[in-house]
Amino acid sequence: MNFFNNKTVQFICGSQHLYGDQVIDKVEINVKEIIDHFNKSDKIPALIKFKKVLTTPDEITKTCLELNNDENCIGVIIWMHTFSPAKMWISGLKKLTKPICHLHTQFNTEIPWDSINMDFMNLNQSAHGDREFAHLLTRMKISRKVAVGHWKEEYVKKEIGVWSRSALGWDEIQNLKVARIGDNMRDVAVTEGDKLEAHIKFGFSVNGYDSDDISSEVDFLDEEEVNSLIEEYQSDYDIAPKLQRGGTLHSNLIDAAKIELGIKNFLEKVGCMAFTTTFENLGGLKQLPGISVQRLMKMGYGFAAEGDWKTAALLRAMKVMASGLDKGTSFMEDYTYHFGSKKPLVLGSHMLEVCPSISDSIPRCEIHPLSIGNREDPVRLVFNAKTGEGINACLVDMGEHFRMIVNEVKSVKIDNKLPRLPVARALLDVQPNFIHATRSWMLAGGSHHTVFSLDLNIDHLNDFCEMAGIECVRIN
Ligand code: MN
């Protein structure tokens, strides 16, 4: 999935008129060469566009307002090729609402020792031009990313690439709508929070709907649509014999497919790209949604169980941030521990709802009883997660403010077959070690629900928190 589509990062360069038009022309040529180089890099997923070389306060303010109004613009790279007196930037920066990446680079690589003269010095003075600009940003308490180094260096491009993913997630979450189908799981604390404050802080709205809004969609489904979804299941998964056509429980697979279509149609109607469910409020639904929410997550929807709207919104934002990457991002829950070996491990899972984007093989489609929820047995996809480095992240409401908590984790191979565990799972080696990671997570007030990603790292979420203006607790 490519969520970047027609989204762009705009590049503006600061200068001043002191050096004459020739220098300004040269600045523009150099900036365009840098942008061209960035756009050819596989480290930077966003399309970068040249906006302007800015040399006067009025021009700067006008440009910042244009950027605010450009709905395809997810962020701005700003660089001072020459000196650019920073008082010129005050009015514009006061108005600019887009995330900033301050690129601290220099066009020239090495000092040309034999030919260096004052013309060269005037053109290549980012070393003090960027410091003047950075002073003002800090004085104005404007958060931003600072990418430092020569523009051809891979690590510089990597930093810009990470920031552009965060900016895409930030762009997404500001207009996101979350459907809360059913309310919170009764008496649970961490899934609660101030939805109004979240709307003000992040831009996403959370509205409540009834489970019967889904069942009424289910009642009006087209039979052909249901049949073609069953065929899709058959080509995508290894289906248990009793769920197959002619099997004793095939009708349960049909019910599950109807729930998927019902939820999808409903979400499209209300324009929501994230949602929650809860097993305590299923209305007329025959099963707790299992395979349906698993597949909707794979399609890019944000989801979290038990009314957890914060994790649902975060999953959507992180799926968008991971645009084009293929290791996967899922709703997850720290479930049970494996002590006894020299390295304690965490088995992550949920009672049904883990996204098959992280599956290491073709998922098995199975049906088993669920001891809670008081409904028919739900159909679910069962698999092991891919191995590799990743993160677990959660967003919690501390009452006075929101806090993101991120822990580096390693998904490790599951050597045992787990023949009696009918849910998808990931076995996690939390970093830097079990004691430090779990103690820090709990002292920070972290949730038992998380977003687990094999595509993103701590830097992506740290940049995202800078944009949102929230605290980021990093455990590694
Ligand atoms: Mn849960």
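The model is predicted; local features need pLDDT of at least 70, side-chain atom pairs count only at pLDDT 80 or more, and totals for chains, interfaces and linings use all residues. Residues are numbered from 1 along each chain as its sequence is written, and side-chain values use heavy atoms, leaving out hydrogens and water.

**Sheet**
- An open sheet is formed by 4 strands in the order S7-S6-S9-S10, with parallel pairing.
- Strands S7 (205-209) and S10 (302-304) stand at the edges with a single partner strand each, so one side of each has no neighbour in the sheet.
- From one strand to the next, the twist averages 20°.
- Strands (E, at least two residues) and helices (H or I, at least four) are DSSP runs, numbered from the N terminus.
- Two strands pair if DSSP finds at least two bridges between them.
- S6 (residues 177-181) and S9 (residues 274-276) pair in the parallel sense over 3 bridges.
- Arg 180 stands opposite Thr 276 in S9.

**Helices across the sheet**
- Helix H10 (residues 250-270) lies across S6, S7 and S9, at about 135° to S6.
- Helix H12 (residues 309-321) lies across S6, S7, S9 and S10, at about 150° to S10.
- Axes are lines fitted to C-alpha atoms, for helices over the stretch in contact (heavy atoms within 4.5 Å); angles run from 0 to 180 degrees between N-to-C directions.

**Trp 89**
- Trp 89 sits in the loop between strand S3 (73-80) and helix H3 (90-95).
- Trp 89 counts as buried because its relative accessibility is 0%; buried means under 20% relative accessible area (1.4 Å probe, protein chains only).
- Not counting residues up to four places away in sequence, Trp 89 touches residues including Ile 12, Leu 54, Met 80 and Phe 133.

Notes
Buried < 20%, exposed > 50% of the residue type's maximum accessible area, 1.4 Å probe, protein only.
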